[in-house]
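Thanks for coming. Please have the display in view.

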Amino acid sequence: MNATTTLDILILGGGCAGLSLARELVEQGYLGRVVILEQRTAYTNDRSWSFWSSNNEDDSALAAASWSRWRYSMADGRSSVHSVEDIQYHYVPSDRFYRNASALIDRCPKVDLRLGTTINSIERSGQSLQVRCDDQVFNADFVIDTRPPKRQRLGKSTLFQCFSGQILRLAPGTIKDPATVELMTLMRSDDRGFIFDYLLPMSDQRVLVEATRFSNRIQDHEAMKGDLQRLIQRRGFEALAIEHSEYAVLPMGLPDPDPASSQPDGVVLAGTAAGALRPATGYAYLRIQRWARRCAAEMIRGNAPCPHPKDSRLQRWMDDLFLRVMRQNPDRIPDLFMRLAEQAGPASLVRFLSDRASLTDRIRVIKSLPVKLFLGHLLKT
């Protein structure tokens with residue numbers, strides 16, 4: 001017979017969202033019993049997150065590197081370098097994030113992270129929620145589900161952001177401008193969609209290189225590895241060592257969950273499955289941190305956990321329209337992003353991409369884009 005554990009909060013999934021919430025609960029002084037269930041058996045440096053913020057914001061504390069300039073360019077030679085006063089582009093590798101969160105959790109006796117745990121079922125049992133695992137049953141007042149969306153739902157996304165990357169150690173002096181991020185460079189389209197180079201220089205001899213695609217279909221690992229190797233060869237990089245490799249597929253325009261497959265009443269959704277990824281960009285880290293702080297604060301006040309907040313109606317409309325235009329006009333995508341880089345204004349564009357846009361910022365973004373192209377898609381809906 002499986003052992004039963006009763007607790008206050010059960011967090012399903014120990015990825016970025018689950019660990020961020022647990023970390024906030026510890027740091028804000030939550031006194032209840034918390035368990036995080038994670039399927040993987042160990043944490044590895046499997047991904048990274050990037051975002052804009054000032055250096056004095058808490059979210060930048062885990063950054064392994066930061067830059068004050070970032071570049072956009074097209075295959076035809078058009079190029080634009082941006083900077084915004086007091087704003088940095090930050091890079092957080094997942095191993096640093098996992099170590100920080102795990103260390104905080106380990107120091108708190110009322111919070112327990114359990115790796116290698118498979119969740120079999122979730123159901124309501126009286127006033128609590130019951131979660132069954134292979135050898136354990138958990139009864140919790142609150143369940144927050146941060147696990148990634150099911151593959152079937154993921155496959156219905158409007159677009160997919162696919163990337164393959166490596167951290168390379170090169171000969172000293174190989175990287176000529178280590179102070180500038182190549183955010184979206186050599187932007188171009190081909191028969192597999194929109195592709196660009198993404199380079200984060202850690203020094204003059206160490207760099208994260210990623211080949212990134214926005215595509216109507218998921219690009220498998222082998223295809224993206226081929227794009228990455230062509231990027232490395234084109235740049236003339238001769239790696240002395242490959243320190244890290246990663247591959248991921250991010251949903252852009254993830255559809256809402258199917259009501260027929262919804263969780264029992266009282267289960268709160270968070271993370272990617274709840275809309276943590278910005279549909280038109282794929283940025284998620286800051287959105288997750290803001291939710292985690294708010295959710296932890298609500299529970300400390302004795303309230304129920306809050307789900308990841310929905311974007312404003314205006315932002316959802318703008319993101320959905322932009323994604324539909326990109327999906328149906330892949331050959332126009334390089335020019336669309338270059339227009340944003342050249343005409344929206346660096347500060348307005350950064351605020352727009354970081355969910356901090358004012359109405360004026362949004363108007364600048366709209367004015368930088370081709371009116372006829374977007375109006376044509378509006379008239380079709």
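In what sense do strand 2 and strand 8 pair, and over how many bridges? Strand 2 and strand 8, which covers residues 111–114, pair in the parallel sense over 4 bridges. Strands pair here if DSSP finds at least two bridges between them. Helices (H or I, at least four residues) and strands (E, at least two) are DSSP runs, numbered from the N terminus.

Before going on, the ground rules. This is a predicted model, in which local features need pLDDT of at least 70 and side-chain atom pairs count only at pLDDT 80 or more, while totals for chains, interfaces and linings use all residues. Residues are numbered from 1 along each chain as its sequence is written, and side-chain values use heavy atoms, with hydrogens and water left out.

Back to strand 2. Across to strand 8, Val-35 stands opposite Asp-112. Strand 2 also pairs with strand 1, residues 3–12, again in the parallel sense over 4 bridges. There, Leu-12 stands opposite Leu-37 of strand 2.

In a regular strand the side chains alternate between the two faces of the sheet. Are the faces of strand 2 covered or open? Both are covered: Val-34 and Ile-36 on one side, and Val-35 and Leu-37 on the other, are all buried. Buried means under 20% relative accessible area, exposed over 50%, and partly exposed in between, with a 1.4 Å probe and protein chains only.

Another buried residue is Ala-101, at 0% relative accessibility. Ala-101 lies in helix 2, residues 94–106. Leaving aside residues up to four places away in sequence, Ala-101 touches Leu-19 and Arg-23; contact means heavy atoms within 4.5 Å.

A cavity is a set of points, on a 1 Å grid over the protein atoms alone, where a 1.4 Å probe fits but cannot get out, and lining residues have an atom within 4 Å of a point. Grid points are joined across faces, edges and corners, and a volume is the space filled by probe spheres set on the points. The count comes to 1 cavity of 30 Å³ or more. The largest cavity has a volume of about 80 Å³. Its lining includes Phe-51, Trp-52, Arg-287 and Asp-355. Strand 3 (48–53) and helix 5 (285–300) are the elements that give two or more residues to that lining. Helix 5 gives the largest share, 4 residues.

Now the cysteines. How many disulfides does a search of the whole structure find? The search finds 0, a disulfide being a pair of cysteine sulfur atoms within 2.5 Å. Cys-295 is in no disulfide, and the nearest cysteine sulfur, that of Cys-306, is 4.3 Å away. Cys-295 is buried at 0% relative accessible area, and Cys-306 is buried at 8%.

Last, the backbone angles. Leu-186 is not a glycine, yet has a positive phi of about 50 degrees. Leu-186 is in strand 13, residues 180–190, and is partly exposed, with a relative accessible area of 23%. Asp-355 lies in the loop between helix 8 (346–353) and helix 9 (359–367). Its relative accessible area is 24%, and it is partly exposed.

Key
1 Å grid on protein atoms, 1.4 Å probe; cavity = no way out; pocket = protein on both sides within 12 Å on 5 of 7 lines; lining within 4 Å.
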